[in-house]
Amino acid sequence: MHRRIEDYALIGDEQTAALVGRDGSVDWLCLPRFDSAACFAALLGEEDHGHWRIAPKGAGPCTRRAYRPDTLVLDTEWESDAGAVRVTDLMPQREHAPDLVRVIEGLSGRVTMHSLLRLRFDYGSIVPWMRRADGHRVAVAGPDSVWLRTEPPVHTWGKDFRTHSEFTVEAGERVAFVLTWHPSHEPRPPLSDPFEALETSVEDWQEWAARCRYDGPHRDAVVRSLITLKALTYAPTGGIVAAPTTSLPEEIGGVRNWDYRYCWLRDSTLTLGALLSAGYHEEAEAWRDWLLRAVAGDPADLQIMYGLAGERRLTEYVVPWLPGFAGSFPVRVGNDAVQQLQLDVYGEVIDSLSLARRAGLPSKPHMWRVQVALMDFLRTAWRQPDEGIWEVRGPRRHFVYSKVMAWVAADRAVRSLESNPKLGGDLAGWRTMRDEVHREVCERGYDPERNTFTQSYGSRELDASTLLIPRVGFLPPDDPRVIGTIDAVREELGHSGFLRRYSTDETVIDGLPGDEGTFLVCSFWLAEALHRTGRTQEAREMFERLAALANDVGLLAEEYDPVAGRLLGNFPQAFSHIGLVGTALTLFGTEQAG
């Protein structure tokens, strides 16, 4: 398999998601949740690790593909001398059980289609027992059961632990395949009408997309990013996963491969701001409520990430039988970074709750108590070294961005109490902390010789996260130290017009061998920082370059390799799409340059 990350498109039902290649193969699907074990894992291995391809017999990649406008419904088309055919892939909103629906429609001529299904539960390690029942093919292994049916019935047979189907379609004829998962100890869930599900899904997605308030340049890219964020939302709880995949590499053949199927606190303020600015208050409220539930408990135990419902134990292990995408081993499940201390998340949480209050989201009785408890902990904890926003697996340091976000926590707490004294809190103590943090960062985190803030105290290394200093209000955009930081970061971390998050030349920084690509959200931050400092034309040019990196269906990964010209990292990446939305709203919306 020699696919690229950008060869994939996303479909999902807001509880899990699948990746579909240009050749009509579903190579990644976890059931029933984003963080469940994959039953199609060819993305991280070989075809025998599980996939499901439907395409014209003997055909290669498709002629064209696209989402139906403002939906997550994917059309893939092939044209040949025999005729033309379309495969439409979707995962309808879940009523009883997750369905993967694939509708084949003849467009012209007469085309012979072939379906090849390899179900492999537990990340490709378990070949299920297959049987026939009520006109269906049923796969069972341990806790998992999958039912496959077609409407109308087509010729289907089993061979070499694979399920084959073959049929022909002429213009106007349609055949639907439905793959349904349910716990193996439960009866088969009610059958859904695949053709009705297709029609309803298109209507529902388009109705949702129409709520977007943004109507400026690149609206299609903004709406596609918002649809992607919606698709990465776990609807039962409101949590938003960083990506639906694990272990897509930050360097082809490298070891920087992580499980992103969890919810990160560091994304919270930017996510909330993007949803609110675009007009999606229900989704913003659901995310805020997830946040409140997840962080409940002892502030000292606050984690940087949680499971879809706020689970805390995300133990990391290696899946030894999967060779990894393009040989990028290891493949990891779980994420040990959950155990790290990242002081910036305290600022993210308090900033998010402050933003929610200012935006008029309905208040929760315990919301302020949570913020007071976090501040009580942070008043002394902010002086500690930590692992920082990028979850480095090297030694703890006094990261500048972590300290800046501690200042944000104190600043937002002070502002909230000043605007509503009835809330109650240690206003004088929080003001003192705010001043102390600000003074220390400016003294110890700033290099006067180079006129730039550094990655950590006493370091000469730079970090793209310091580009957020004007955004969070730590210093005004016209402060010479801000302008100097933007220029220095751009000069030292820039690569072919994009931006790395930090230097990987010395592995002592993050404790890992190898390299990584340019980090897309950091490049969006640079565009926004340029705009805030009055360099709007440069900012817009950078935004144009970044938006052009999306694949043919508008999706972005975490990183980009400008030398090889390919996307890297887990895909699609919520943080990148949040960056696109937020930067577009800043550049082309109502906000003016600083």
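**Asp-70.** Asp-70 has a positive phi of about 60 degrees, although it is not a glycine. I located Asp-70 in the loop between β6 (64-67) and β7 (74-80); strands (E, at least two residues) and helices (H or I, at least four) are DSSP runs numbered from the N terminus.

**Ground rules.** I am working on a predicted model, where local features need pLDDT of at least 70 and side-chain atom pairs pLDDT 80 or more, while totals for chains, interfaces and linings use all residues. Residues are numbered from 1 along each chain as its sequence is written, and side-chain values use heavy atoms, with hydrogens and water left out.

**Asp-160.** I then checked Asp-160, which also shows a positive phi, near 55 degrees, without being a glycine. Asp-160 lies in the loop between β13 and β14 (162-170) and is exposed, with a relative accessible area of 53%.

**Cis prolines.** I noted a cis peptide bond from Glu-151 to Pro-152, omega near -10 degrees. Pro-152 sits in the loop between β12 (144-151) and β13 (155-159). Phe-329 and Pro-330 are joined by a cis bond too, with omega about 10 degrees, and Pro-330 belongs to the loop between β20 (317-318) and β21 (332-333).

Buried residues in α5 include Trp-287, Arg-288, Asp-289 and Trp-290. Just after α5, Gly-297 has a positive phi of about 125 degrees. In α6 (residues 344-358), 13 of the 15 residues are buried, so this helix is largely enclosed by the rest of the structure. Just after α6, Gly-360 takes a positive phi of about 85 degrees.

**α7 against α9.** I read off an angle of about 50 degrees between α7 (residues 367-381) and α9 (residues 427-444), with their axes 11 Å apart; axes are lines fitted to C-alpha atoms, for helices over the stretch in contact, and angles run from 0 to 180 degrees between N-to-C directions. That makes α7 oblique to α9 (under 35 degrees is roughly parallel, over 145 roughly antiparallel, 65 to 115 roughly perpendicular, the rest oblique). Trp-368, Val-372, Met-375, Leu-378 and Arg-379 in α7 meet Gly-429, Trp-430 and Met-433 in α9, contact meaning heavy atoms within 4.5 Å.

Technical notes: Buried < 20%, exposed > 50% of the residue type's maximum accessible area, 1.4 Å probe, protein only.
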